[in-house]
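This briefing goes through one structure by topic: a helix, the pocket beside it, some backbone angles and a few contacts. Please read it with the sequence and the coordinates at hand.

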Amino acid sequence: MENNNNGTGEELKPEGTIPPELPEASESVLQMEELQKQVDQYKDLLLRKAAEFDNYKRRIESETTNIFKYATESLVEDLLPVLDDFERSLKHRKESKDNEALVKGIELIYQKLVKVLEGRGVKTFDTVGKEFNVEYHDALMQIPRRDVPYYTILEEVEKGYTLNDKVIRHAKVVVSSTRMKRQAKPIKPKHQLVILENK
């Protein structure tokens, strides 16, 4: 047989023969498999957390909706007895012609309603005789008065209310205006002439 080593002294390996795997290559494969397992675990964890967050988000949205929907529930519960009193008064009015008793009953109901609102932080504030303040008052009209300082509130047309120190409705008021001035004397053109001369 002929030796096809071209004088090199090395035997040629037949084609298609796979060299044995190196130890480094098998370690890399094991590392890649381990990394793939970790990737799969993190992916699974991420999907679980995403699902948990979606459930949490839906629950919070539902709770928030219910809070807004039923926020006034306890206030309404406090107002229902006042409504019952009004209904009894109206029923009593039809059965009795004693107007004085009816007026007293309405006054008691009014006081009860005021107490309910005050218990919730709703209060009114004094206006008449006070100085007009845009933070608290809306002026419906001005009336010239000489006996009081101007911008003094003369009359309260509609009460104003605060809720925990925040104004929720301005009081509608009538305010004194500046004193009526006498007709001004015509200005002599002396000033104007001086200005013209300076030009």
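This is a predicted model: local features need pLDDT of at least 70, side-chain atom pairs count only at pLDDT 80 or more; totals for chains, interfaces and linings use all residues.

Is Asn164 buried or exposed? Asn164 is exposed, because its relative accessible area of 57% lies above the 50% cut-off.

**Helix H3**

- Helix H3 covers residues 99–119, which makes 21 residues, and the distance from its first C-alpha to its last is 30 Å, close to the 30 Å expected at 1.5 Å a residue.
- Leu102, Ile109 and Val116 are the residues named as buried in H3, and because the buried residues of this helix fall within an arc of 45 degrees when seen down its axis, they line one face of it.
- On the other side of H3 are Glu100, Leu108 and Lys115, which are exposed.
- The cover over the buried residues of H3 includes helix H2, residues 73–95.
- After H3 comes Gly121, and the phi of Gly121 is positive, near 90 degrees.

**The largest pocket**

- The volume of the largest pocket is about 170 Å³, and the elements that contribute two or more residues to its lining are H3 and strand S1, residues 122–124.
- H3 gives the most to this lining, with 5 residues.
- The lining is made up of Tyr110, Leu113, Val114, Leu117, Glu118, Val122, Lys123, Thr124, Lys159 and Tyr161.
- Sorted by class, the residues that line the largest pocket comprise 6 nonpolar, 1 polar and 3 charged.

- As background, a negative phi is what most residues other than glycine have.
- Tyr151, which is not a glycine, has a positive phi near 65 degrees, and this residue sits in the loop that runs between strand S2 (137–144) and strand S3 (153–158).
- Tyr151 is partly exposed, because its relative accessible area of 38% lies between the 20% and 50% cut-offs.
- Asn164 likewise is not a glycine and has a positive phi, of about 50 degrees; its place is in the loop between strand S4 (161–163) and strand S5 (166–169).

**Ser177 and its contacts**

- Ser177 belongs to strand S6, which spans residues 171–177, and this serine is buried, because its relative accessible area of 12% is under the 20% cut-off.
- When residues up to four places away in sequence are not counted, Ser177 touches Gln142, Ile143, Pro144, Arg145 and Tyr150.

**Glu135 and its contacts**

- Glu135 lies in the loop between S1 and S2, and with a relative accessible area of 54%, which is over the 50% cut-off, this glutamate is exposed.
- Which residues does Glu135 touch, not counting those up to four places away in sequence? The contacts of Glu135 on that count are with Val167 and His170.
- Glu135 and His170 are 35 residues apart along the chain, while their C-alpha atoms are separated by 7.6 Å.

Definitions and conventions. Residues are numbered from 1 along each chain as its sequence is written. Side-chain values use heavy atoms; hydrogens and water are left out. Helices (H or I, at least four residues) and strands (E, at least two) are DSSP runs, numbered from the N terminus. The expected span of a helix is 1.5 Å times one less than its number of residues. Buried means under 20% relative accessible area, exposed over 50%, partly exposed in between (1.4 Å probe, protein chains only). The arc is that of the directions from the helix axis to the C-beta atoms. Contact means heavy atoms within 4.5 Å. On a 1 Å grid over the protein atoms alone, a cavity is a set of points where a 1.4 Å probe fits but cannot get out, and a pocket is an open set with protein on both sides within 12 Å along at least five of seven lines; lining residues have an atom within 4 Å of a point. Grid points are joined across faces, edges and corners, and a volume is the space filled by probe spheres set on the points. Ala, Val, Leu, Ile, Met, Phe, Trp, Tyr, Cys and Pro count as nonpolar, Asp, Glu, Lys and Arg as charged, and the others, Gly among them, as polar.
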